[in-house]
Each structure stands twice: as C-alpha cells, then as structure tokens.
Amino acid sequence: MKTRLVQGLALLLMVGALYGQGSQSTSQPAGGQHSHDQMQMPSTQGQTTDQNAPPAQNQQIPGMQMLDKPVPQQPEQQQTPPSQQMPGMQMPQNPEAEQPAPKPGPMFTLEQLQQSAVEHNPTLKQAQAEIRAAEGRKRQAGLYPNPTVGYQGEQIRGGSQRGGEQGGFIQQDIALGGKLGAAQRVFEQERRQAEAEREEQLLRVQNAVAMAYYQSLAAQETVVIRGTLLKLAQDALATAQQLFNVGQADEPDVLQAQVEAGQEEIALVSAQQRRQMLWRSLAAVIGQPNLPFGNLVGKLEELPDVDTQLWLENILQNSPAVKIADLSSIRAHAELDRAKREPIPDLQLRAGVQQNRELLESSGRPVGLQGFAEVGVRIPLFNRNQGNVQAARANIERADLEQQRVQLLLRERSSSVLQNYLTAKAAVERYRNQMIPQAEKAYRLYLNRYSNMAAAYPQVLIAQRTLFQLQTDYIASLENLWVSTVTLKGFLLTDGLEAPTPPTEIDRPVRETNLPTGSSMTQAR
C-alpha cells in the first residue's frame, strides 16, 4: 500500500508541475503575469488553510521539541509558488493547535479535593461517631450501680398486732476488687482503637481521592491526545481519497483509512466516557455526587522520589493496621484482667426504718419506730467466672495471632503492588528515554525527507500518529505508576467509601475489593 501511495505522490507532483508550466505559457503574453489555479486539500473539522500565510515555525509535539516545518522544494524549472499546495499534500499542522481546548469549567487541585473529602465523606463522620460511642461506654463502665429504695411490711393483719411492722429500706451494692476500673480500662482501649480506626479511615479517604484524581487527570490528557489522533486519521483518509480520485490508490486503501478513522472516533468517545465515569467516581468518594464537571490541575510527570525498601519497612512498622492489631492485643489482656476480677464478690448493704405497731405486754403501748440493717456477700462457690476467663485467654491468643496475620497480609499485598509499581516505572522510563525520543526522531526524519521530495506524505502521517499513540500509552503507564505510588505510600489503604470497622470487630486493613492489581490497573489502555 505504501509503495502505491509513493507512486501516486510522484504522479501528482508531475501533473502539478506540467499544469504550472502550461498556465505560465498561456498567461505570459497578457501583461507578463501568470496565474495558477489554486488547489487545496479539503479541510477537516472546520479547519481552513490560509495560502498567503507563511509556514508555521517552531511547531512542537506536547512535551517534545519539533523541527521547524519545512516546505517541499520543487525543481527550479518546475517550481510553483510557495503558497500553492498539491491535492492530497497538506502539510502536518501544529499538533498543539489541533488539540481541542479544554472546556471551560471549574479548576480543581488535589489538595482542594482532599480537603473537600474530609468535610463531606460520610465514613469519617462514622469513625468520629465510633470514638464518641467508645467514650460513652467507658464512662458507663465506671458508674456505680444505682441504690434500691422500697417498702417492707411484716405481720400485716388486724387483731392484737394492729398492723404489724411497716417501713422503708434502701439497698446498695458496693463493687469490690477494682472491677469498675478494670472495665474502664477495657473501654479505654476500645476508644484508642476507635481513634486508630479514624486515622486509618482518613488515610483511606485521602488515598482514594488521590487515586481517583490521578486516574481522572490521565483520562483528561488522554482525551486531548485521542482528539489529535482522530484528526490525523481524518487527514490520512482525505489523502487516500485524493489519491483514489487520481487513480493512484485502490478502493481497499480508502476503506482501510475509513476503518482507521472510525477506530479513532470510537477510541475518542471511549476516552471521553471513561473520563466522565472517573469523575463521577471521584465525586462519590469526596462525598459530593453533584460536584460540577471540571478540569484538574496537575502534572503526571512530577513523580515523587521513591525508596521502595523504605516504603515496605514503613508499611510493616507504621501501618495503622499494625497499630490497631497491637491495640486489639492490649484490649484482650484488659478483658482477661476484668474477667479475673469478676468472681470477687460485691458488698451488699441494706438498711431501713419501720413502724412497729405491736403492743408491748408491759406497758400496753406500741413498740414504735425501729431500724434494721443487713450486710452480705455472694460467695463464688460454683460460679467463679471460669468460662469468661477461658474465653478471654482465647481472645488473647487470637489477638496475638492477628498481629502476625496482619504482618503477613501486608507483606503479601504489598508485594503485588510493588511489582505493579516496578513494572509501570520501567515502562515509563522506557517510553520517556527511548521509545518517544526515537518516534520523535523518526517523525523529524520523515518530515525532512518529505520537504526534500524524498518521502511520501502518508509516511509523515504514520510517523506522527505513532508518536501520539506512544504518548497515549505513556500516559497510561504514568497513571498506573501513580496509582501504585499512592497505594504504597498510603499503607495499601484505598477504599474511601468502606465503612470503618467498629472497635469490637476484627479490623480489615486491606480490602481486597479495591486493592489495585495488575489487571485492574491496565484497563485504562
């Protein structure tokens, strides 16, 4: 196909040269001036060509220096005016000028989005409510039992007893053995665990916002490049149609160009829809589902300094999950201490006053007021809280094993994320240092050869399209690299809408549903 396009290009140049010479010979007698019929490529997407304008200078591919745009040189005896263009020979325009401008809308930075999530994400308020609940349980555990007040009557009947003995009493249980303090220590550990859960949830929300931000930023840049690729495909289609009109391209060539243009249209629509989907996801994590669609401010290439070994050690030592597991072990020991103190009997006090209306034999008068008091304890003869002590010991064993499990879980999950990070980093460095510079050089060479009439224009289009396609893949690799970076620096905490774990339940530091993996991270491509 490329050979036929080159042959068509040569034929077009010969026809144009002959046409220019014929026009010059017929117009010379009429005042010594000659005119040429101006032939232009049909414009695409509403773009027009100013034939009197000088060639654009210092054109650039985004992020890359480009050569000045040369003009194809004609032989001296067949030279045409510089402003004249042959059919199907439209020069590549400035790629930056062809890229659609971002639609006007609000601008957002990562810091603004994270602060908004702190204010609106409901899971953070849930975590704060858990702290207040733990404080309430601690307060309740330290309160003494309420006293009992009641009425007491004995030998209530008529006759010689004259109503018997009637009065009131008050009863109070006194907790002994430090049981109230032991219970408060248990709930104090719950409160500390709830605070750790809130810190963990805050990291989840901030990491989820950061991941959605970088994914949306990559989608935003991908839409721009996809628009440029569609423009290049439409230029290639117009060139193929012009060559087909002069008989230097077959119908399959035109059909193939139409298919490629259709593929780029689908890719652009898909990129636009993915950007909208990611924006809705970002708005949901923030807690503002009606967040207006806007543009993100930031640069994907500004990667942080990385020390993977330091990151792994930081995850295993300072992860909130490790802290929560330690607090769970401390709480289990506090529960054992409380269970051991439970058999210590409480002191039961009871006292009261009653009116005794029974008549004394000696005086014949009523006995009158009389008091009574009772003191007792419950003897732990059969129930010494053996079952709860056994359960508390088992909870300590489980809590100690939970610490080990969390360490192993973090190692397992961090290994896959680290592998994704290293793979993405290698791809980014390969694109940045080798493939994109090589594609840029190839594009420059084809552009220079085309200006010297040594290469066909379709070859220039193919080289330019390859360069932009590499940029699209480069952005996808940057997105994967940022997602892995945020996950590793954020202790593998990624789900910003998962409800915080109550202190009385086993913490789930790594939620498998939202942990990025290699397959999920490459879906953007």
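Tutor: Let us begin with contacts: a contact means that heavy atoms lie within 4.5 Å. The model before us is a predicted one. In it, Pro292 touches Pro106, Phe108 and Trp279, leaving aside residues up to four places away in sequence.

Student: Where does Pro292 lie, and is Pro292 buried, partly exposed or exposed?

Tutor: Pro292 is in the loop between α6 and β6 (295–296). Its relative accessible area is 45%, so Pro292 is partly exposed. Pro292 and Arg280 are 12 residues apart in sequence, and their C-alpha atoms are 9.6 Å apart in space.

Student: How should confidence be read, and where in the chain is it lowest and highest?

Tutor: Where pLDDT is low, the predicted coordinates should not be read in detail. Here the chain averages a pLDDT of 80, and 75% of the residues score at least 70. Confidence is lowest in strand β1 (residues 60–61), with a mean of 37, and highest in α3, at 97. Over residues 9–99 the pLDDT stays under 50, and the model has 144 contacts beyond four places in sequence for this stretch. Residues 517–525 also have a pLDDT below 50, with 14 contacts in the model beyond near neighbours in sequence.

Student: Which residues of the largest nonpolar core touch the most other members?

Tutor: A nonpolar core joins buried nonpolar residues through side-chain atoms within 4.5 Å. The largest one here has 63 residues, and Leu113, Val209, Tyr214, Leu300 and Leu488 touch the most other members. Several helices supply at least two residues each, among them α3 (110–120), α5 (179–245), α6 (251–286) and α10 (457–489). The largest share, 15 residues, comes from α10.

Student: Which residues does Leu113 touch?

Tutor: Not counting residues up to four places away in sequence, Leu113 touches Phe108, Val209, Tyr213, Leu282, Ile286, Leu291 and Leu296.

Student: Let us turn to charged residues. How many salt bridges are there, and which residue pairs with Arg185?

Tutor: Side chains of opposite charge can pair when their charged atoms come close. The count here comes to 19 salt bridges. Arg185 pairs with Asp337, the closest N and O atoms being 3.2 Å apart. This pair links distant parts of the chain, since Arg185 is in helix α5 and Asp337 in helix α8, 152 residues apart. Both residues are partly exposed, Arg185 with a relative accessible area of 42% and Asp337 with one of 26%.

Student: Which parts of the chain does the pair of Glu479 and Arg274 tie together?

Tutor: The closest N and O atoms of this salt bridge are 2.9 Å apart. Because Glu479 lies in helix α10 and Arg274 in helix α6, the pair ties together parts that are 205 residues apart in sequence. Buried means under 20% relative accessible area, so Glu479, at 4%, counts as buried. Arg274, at 22%, is partly exposed. Elsewhere, Arg137, Glu190, Arg331 and Glu335 are linked in a network of salt bridges.

Student: What is the phi of Asn385, and what is that of Met453?

Tutor: Most residues other than glycine have a negative phi. Asn385 has a positive phi of about 60°, although it is not a glycine. Asn385 is found in the loop between β8 and α9, and at 12% relative accessibility it counts as buried. Met453 likewise has a positive phi, near 60°. Met453 is in the loop between α9 and α10, and at 29% relative accessibility it counts as partly exposed.

Terms used: Residues numbered from 1 in each chain as written. Heavy atoms only, no water. Buried < 20%, exposed > 50% of the residue type's maximum accessible area, 1.4 Å probe, protein only. Helix = DSSP H or I, 4+ residues; strand = E, 2+ residues; numbered from the N terminus. pLDDT = per-residue confidence, 0-100. Salt bridge = Lys/Arg side-chain N within 4 Å of Asp/Glu carboxyl O.
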